[in-house]
Each structure stands twice: as structure tokens, then as C-alpha cells.
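This briefing is for a reader who is new to the structure. Please look at the sequence and the model first, then read the points below.

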Amino acid sequence: NIMAVLNSDGSVNSSSNPASTGDTVTILVSGAGALNPNLPDGTIAASPAPAPAARIQVDFFFTLFAFCLVDCPPNIGIGTLTATPAYAGGIPGAVIDILRVDVPVPANLYMAGPPPFGVAVGVGNSTSPTLQFYLAAQN
């Protein structure tokens with residue numbers, strides 16, 4: 001599960017404090033499953049911190065509109081941009097049950113569709129619930 005999304009300056013991502021495309025955001029995640037090395041729950045991570053045993057990916061979601069040319073309503077759906085984290089692992093000095101996932105915000109996210117945006121973290125075959133993600137308007 002996603003616990004928080006932090007902007008590149010360490011502040012919490014919110015409607016009044018959005019991220020910018022190209023920035024690297026940090027997503028704090030719990031429940032990421034087995035780690036490498038495998039350590040008991042509650043262990044404090046050392047350096048280097050343990051990494052998730054399963055593959056990690058981050059999905060950014062946006063509203064997708066498809067307009068037709070003749071008397072029909074627009075089709076509305078959800079589009080996805082998948083990003084590979086620059087880092088996914090434990091946080092030295094914190095319990096191993098919390099992982100830090102650093103991921104660049106796709107440069108074309110704002111062009112892909114209008115807000116609202118969402119973000120989810122995939123660990124192996126599981127995906128977290130989607131959390132609202134705020135992105136600054138592009139000039």
C-alpha cells in the first residue's frame with residue numbers, strides 16, 4: 001500500500017503542492033513482500049538497505065478521452081504510463097517494512113490526458129490501490 005507520495009523537495013504531494021513532470025518523486029510503500037536479503041519484520045534497515053525480491057513498477061493514471069465525429073458521446077477511459085523506479089528498497093535507519101520507491105514523473109504525463117491523475121505501485125503480480133497524484137499545470 002502507498003503510505004505517502006513526496007515531491008522532489010521532500011514535501012507531501014497535494015493539490016496545493018503538486019509535482020512537476022520530470023521531477024523524481026518518492027513513494028513510501030508498505031507490504032511489498034519478500035526482501036533480499038530476507039529479514040524478520042520490524043528489523044531496522046542497515047546500509048545497504050534490503051531490496052524487494054519482486055520486480056517493482058509505478059503506474060501513473062490519467063483520464064483518456066476519445067471523441068467521435070458523428071452524433072455520439074465521447075468515450076472516457078483511463079490511460080496508463082508505466083515508469084521504472086530509479087531506486088526501490090529499504091530506508092537505512094527505518095524498519096524494513098517501509099520501502100522507498102524513487103521514480104521520475106513521466107515527461108509526457110500532462111500531455112497524455114487532463115487531471116485528475118493517479119499513481120499505483122506494482123510489486124510482482126500485485127498492485128497497490130491507486131492514490132491521487134497532483135501534477136503542476138504545464139505552460
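D102 is buried, with a relative accessible area of 11%; buried means under 20% relative accessible area, exposed over 50%, and partly exposed in between (1.4 Å probe, protein chains only). This is a predicted model, in which local features need pLDDT of at least 70 and side-chain atom pairs count only at pLDDT 80 or more, while totals for chains, interfaces and linings use all residues. Residues are numbered from 1 along each chain as its sequence is written, and side-chain values use heavy atoms, with hydrogens and water left out.

**Salt bridge**

- D102 forms a salt bridge with R100, and the closest N and O atoms are 2.9 Å apart.
- A salt bridge is a side-chain nitrogen of Lys or Arg within 4 Å of a carboxyl oxygen of Asp or Glu, and the count by this rule is one.
- R100 is partly exposed, at a relative accessible area of 27%.

**Sheet around D102**

- In β8, D102 stands opposite Y87.
- Strand β8 (residues 98-104) and β7 pair in the antiparallel sense over four bridges; two strands pair if DSSP finds at least two bridges between them.
- An open sheet of four strands has the order β1-β2-β8-β7, with antiparallel pairing.
- Its edge strands, each pairing on one side only, are β1 (2-6) and β7 (87-90).
- On average, neighbouring strands of this sheet are turned by 15 degrees against each other, direction ignored; axes are lines fitted to C-alpha atoms, and angles run from 0 to 180 degrees between N-to-C directions.

**Chain as a whole**

- Along the sequence the pattern is β-β-β-β-β-β-β-β-α-β-β-β.
- Of the 139 residues in the chain, 38% are buried.

**Nonpolar core**

- The largest nonpolar core has 28 residues, and those with the most contacts inside it are I27, V58, F60, L109, V119, V121 and F133.
- The elements giving two or more residues to this core are β1, β2 (24-30), β5 (56-66), β6 (75-83), β8 and β9 (117-123).
- Such a core is a set of buried Ala, Val, Leu, Ile, Met, Phe, Trp, Tyr and Cys residues joined through side-chain atoms within 4.5 Å.
- Beyond its neighbours within four places in sequence, I27 is in contact (heavy atoms within 4.5 Å) with residues including I2, V58, R100, V119 and V121.
- In soluble globular proteins, nonpolar side chains tend to be buried together.
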